[in-house]
Amino acid sequence: MFNLIRRDIILQKWLLLTFIPFVAFFIIMDVHPALTFLVASIFIPFNTFGYDNKAETNILLNSLPYTRKEIIASRYLGSIVYMALSIGVTSLALIVSNKSFTMTDIAIGGGLFLAFAAFTFPLFYIFKTDYLLHIVIISFILLAGIGPPIVTFLTDNVTVITDLIYRFSTPVIYTGAAAIVMFFYAVSWGVSTIIYQRKAF
């Protein structure tokens, strides 16, 4: 399984050269650190799915001595590894650029990435189209654009929800949010495994 994760990095080694300028652009534009961490985390995992769709890599993977469970596990565990590496590089870039950020920014960026991945990864095993990656990325940009105003509107006008949340302490809120995100990620992992095991290549 480790070899599958390493394979993705090797296949994308030239694309990774654009990662630093990509992150630097968001830092220069003074984008919120949480959104910068989120975008940086998405870079490698979703490029991997895009590469697999183009190169029919799944046919090759199934000819190798790996079970389909291991192939899916490499995707989900690999995404967590890529996210951790991306957050490390982004943190270093923010420090070098003298931009402040907090652990809360990292937690929000990482949590949103895992939530977005949980809902979109199974789509790559259900639909087979070269345009799916573009659709997912455009959907992400739209959500990133309209999400914060919607949350602000709900916070200001739907006080029942905010009052309920404020009853809990900050550690309880973060722990609960992390548990919910990991639950959906695990469910997504299971769903993708079931779909992938039934696919014919």
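A crossing of two helices counts as right-handed if the near helix is turned clockwise from the far one by less than a right angle. Keep that in mind for the first view of this predicted model.

**View 1. Helix H1 meets helix H5.** Here H1 (residues 2–11) packs against H5 (residues 68–96) at an angle of about 60°, and their axes are 9 Å apart. That angle makes H1 oblique to H5. As for handedness, H1 passes H5 in a right-handed crossing. On the H1 side, look for Leu4, Ile5, Arg7, Asp8 and Ile9. H5 answers with Glu70, Ile71, Ser74, Arg75, Gly78 and Tyr82. Sort the residues of this contact by class and you get five nonpolar, two polar and four charged ones.

View 2. You'll find Phe22 in helix H2 (residues 19–28). Is Phe22 buried, or partly exposed? Its relative accessible area is 29%, so Phe22 counts as partly exposed. Leaving out residues up to four places away in sequence, Phe22 touches Val39 and Phe43. Ala117 is another story: Phe22 and Ala117 sit 95 residues apart in sequence and 20 Å apart in space, C-alpha to C-alpha.

**View 3. Inside the largest nonpolar core.** This core has 40 residues, and the ones touching the most other members are Ile42, Phe46, Phe113, Phe121, Phe124 and Tyr185. At least two core residues come from each of H1, H2, H3 (33–55), H5, H6 (103–126), H7 (132–157) and H9 (170–198).

**View 4. Zooming in on Phe121.** Setting aside residues up to four places away in sequence, Phe121 touches Pro45, Phe46, Phe49, Arg75, Tyr76, Ser79, Tyr185, Ser188 and Ser192.

Methods:
Residues are numbered from 1 along each chain as its sequence is written. This is a predicted model: local features need pLDDT of at least 70, side-chain atom pairs count only at pLDDT 80 or more; totals for chains, interfaces and linings use all residues. Side-chain values use heavy atoms; hydrogens and water are left out. Axes are lines fitted to C-alpha atoms, for helices over the stretch in contact, and angles run from 0 to 180 degrees between N-to-C directions. Helices (H or I, at least four residues) and strands (E, at least two) are DSSP runs, numbered from the N terminus. Angles under 35 degrees count as roughly parallel, over 145 as roughly antiparallel, 65 to 115 as roughly perpendicular and the rest as oblique. Contact means heavy atoms within 4.5 Å. Ala, Val, Leu, Ile, Met, Phe, Trp, Tyr, Cys and Pro count as nonpolar, Asp, Glu, Lys and Arg as charged, and the others, Gly among them, as polar. Buried means under 20% relative accessible area, exposed over 50%, partly exposed in between (1.4 Å probe, protein chains only). A nonpolar core is a set of buried Ala, Val, Leu, Ile, Met, Phe, Trp, Tyr and Cys residues joined through side-chain atoms within 4.5 Å.
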